[in-house]
Amino acid sequence: MPLQNRVLPTQEIVADEGRGLLMGNRGSLHGVDRRLGTTRWRSKAWICCLLDYKGVRRDPMPPGRWTALFFFDEAVALAAGHRPCAYCRRRDYLRYAGAWATGRDLPERPRAATMDAQLHLERVEPRTRRQRTTIAELHELPDGAMISYDAVPALVIDGKVLRWSWNGYAEPVEPPGHRQVVVLTPPANLVVLKAGYAPLLHSSAARN
């Protein structure tokens with residue numbers, strides 16, 4: 001039976017057989033029985049990492065240390081409120097921080113703690129601790145953003161919508177006319193995408 005460590009674009013962490021392109025963590029979320037409790041983060045540093053780094057094999061749930069989380073691809077990770085790891089994905093982290101600075105007209109790249117604090121304000125409702133979403137015009141969203149489309153998570157590419165599942169992205173659909181949608185990706189990550197950060201996407205996204 002799979003462990004409960006697959007992250008959805010809606011931030012939920014589920015047990016699923018689905019495979020992903022990235023892993024990450026939010027701190028230690030599991031107990032000695034390797035089951036998750038009610039806590040969904042121990043730190044504001046929600047990161048996404050390489051699956052394989054220098055060939056090191058890791059226990060996904062070492063006692064009291066960290067809980068390995070897995071993402072279908074980076075669009076899903078960004079939608080869930082994560083950012084690239086500054087250690088194992090250093091180049092991507094610098095591209096991400098650079099896009100953050102460009103999108104906000106800052107003179108230099110911000111520190112990780114600054115970005116994490118802003119992301120946390122935008123990704124979680126303080127009372128319910130549920131995902132915070134926004135409303136936007138579909139045609140204004142950048143490539144790599146994720147939305148809720150007919151109650152299903154979906155990727156936005158070239159103004160088209162690709163429904164998401166662990167089996168891959170569906171064929172692109174072009175909704176008629178102007179349309180407001182529920183956006184899953186936090187505003188800070190939308191800024192990064194608009195500033196030119198290109199996330200690692202699953203191969204099924206190339207169908208459009």
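At 4% relative accessibility, arginine 89 counts as buried (buried means under 20% relative accessible area, exposed over 50%, partly exposed in between, with a 1.4 Å probe and protein chains only). The model is predicted, with local features needing pLDDT of at least 70 and side-chain atom pairs pLDDT 80 or more, while totals for chains, interfaces and linings use all residues. Residues are numbered from 1 along each chain as its sequence is written, and side-chain values use heavy atoms, without hydrogens and water.

Arginine 89 forms a salt bridge with glutamate 74, the closest N and O atoms lying 3.0 Å apart (a side-chain nitrogen of Lys or Arg within 4 Å of a carboxyl oxygen of Asp or Glu). Because arginine 89 lies in the loop between strand 6 and helix 2, and glutamate 74 in helix 1, the pair ties together parts 15 residues apart in sequence. Glutamate 74 is buried as well, at a relative accessible area of 1%. Aspartate 92 also forms a salt bridge with arginine 89, again with 3.0 Å between the closest N and O atoms.

Helices (H or I, at least four residues) and strands (E, at least two) are DSSP runs, numbered from the N terminus. In helix 3, the buried residues are Met115, Asp116, Leu119, His120, Glu122 and Arg123. They cover an arc of only 165° around the axis, which puts them on the same side of helix 3; the arc is that of the directions from the helix axis to the C-beta atoms. The face turned away from this buried side carries the exposed residues Ala113 and Leu121.
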